[in-house]
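Here is a short walk through a protein, from its sheet to its helices and rings. Have the sequence and the 3D view open as you read.

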Amino acid sequence: MLRADRQYGSAQADAWPCVGTVVLRLPAAAVLPFAGDGTVEDLGPDQCRYTAGSWSWIALAAFLNRFETDITVVGPPDLTEAFARLASRNAATATAPGRPAPPDGR
């Protein structure tokens, strides 16, 4: 039996193998235009619940970071783990030798 975090395609053409739910610190109206095939639930003036899918957990975590806001994972734990793995990978990239200096000198 294959685990969802090891699958890279869907058995059904219209279903993602990895689906997670998060709370975004953004109003639903700001997320809705970019929700794609995900669902958005209004939780008040400054937050919403967003459920979306992707072909892998890391791809889903990376996709969710595009909202540039605080994110709370509702579930599943695989998505929380993917955020940790992505953070570790990005930290290593940011400190890699030979990284060019930013144009502003910081």
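This is a predicted model: local features need pLDDT of at least 70, side-chain atom pairs count only at pLDDT 80 or more; totals for chains, interfaces and linings use all residues.

## The sheet

Four strands come together in an open sheet, in the order 2-3-1-4, with antiparallel pairing. Strands here are DSSP runs of E with at least two residues, helices are runs of H or I with at least four, and both are numbered from the N terminus. Two strands pair if DSSP finds at least two bridges between them. Strand 2 (39-42) and strand 4 are the edge strands; each has a single partner strand, so one side of each has no neighbour in the sheet. From one strand to the next, the twist averages 25°. For angles, axes are lines fitted to C-alpha atoms (for helices, over the stretch in contact), and values run from 0 to 180 degrees between N-to-C directions.

Strand 2 and strand 3 run antiparallel and are joined by four bridges.

Residues are numbered from 1 along each chain as its sequence is written, and side-chain values use heavy atoms, leaving out hydrogens and water.

## The overall layout

The protein has three helices and four strands, and along the sequence they follow the pattern β-α-β-β-α-β-α. Of its 106 residues, 28% count as buried. Buried means under 20% relative accessible area, exposed means over 50%, and partly exposed is in between (1.4 Å probe, protein chains only).

Contacts are heavy atoms within 4.5 Å. Take the contacts between residues at least 6 apart in sequence: 53% of them join residues at least 24 apart.

## Helices against the sheet

Why is helix 2 (residues 57-64) largely enclosed by the rest of the structure? Six of its eight residues are buried, namely Trp57, Ile58, Ala59, Leu60, Ala61 and Leu64. Their cover includes strand 1 (18-24), strand 3, strand 4 (71-75) and helix 3 (77-94). Helix 3, for its part, lies across strand 1 and strand 4, running at about 145° to strand 4.

Ser54 belongs to strand 3 (residues 48-54) and is buried, with a relative accessible area of 8%. Apart from neighbours within four places in sequence, Ser54 is in contact with Trp16, Pro17, Cys18, Ala59 and Leu60.

## Cysteines

Cys18 is buried at 0% relative accessible area, and Cys48 is also buried, with 0% relative accessibility. How many disulfides are there? The count is zero, going by a cut-off of 2.5 Å between a pair of cysteine sulfur atoms.

## Aromatic rings

Searching the whole structure turns up three aromatic pairs. The rings of Phe63 and Phe67 have centres 6.3 Å apart and planes at 85°, so this pair is edge-to-face. Rings of Phe, Tyr and Trp (its six-membered ring) pair if their centres lie within 6.5 Å; planes under 30 degrees apart are stacked, over 60 edge-to-face, and the rest tilted. Together with Tyr50, Phe63 and Phe67 make one aromatic cluster.

Phe63 is partly exposed, at 28% relative accessibility, whereas Phe67 is buried, at 11% relative accessible area. Over the face of Phe67 lies Arg66, 5.3 Å from the ring centre. That label needs NZ of Lys or CZ of Arg within 6 Å of the ring centre and within 35 degrees of the ring normal.
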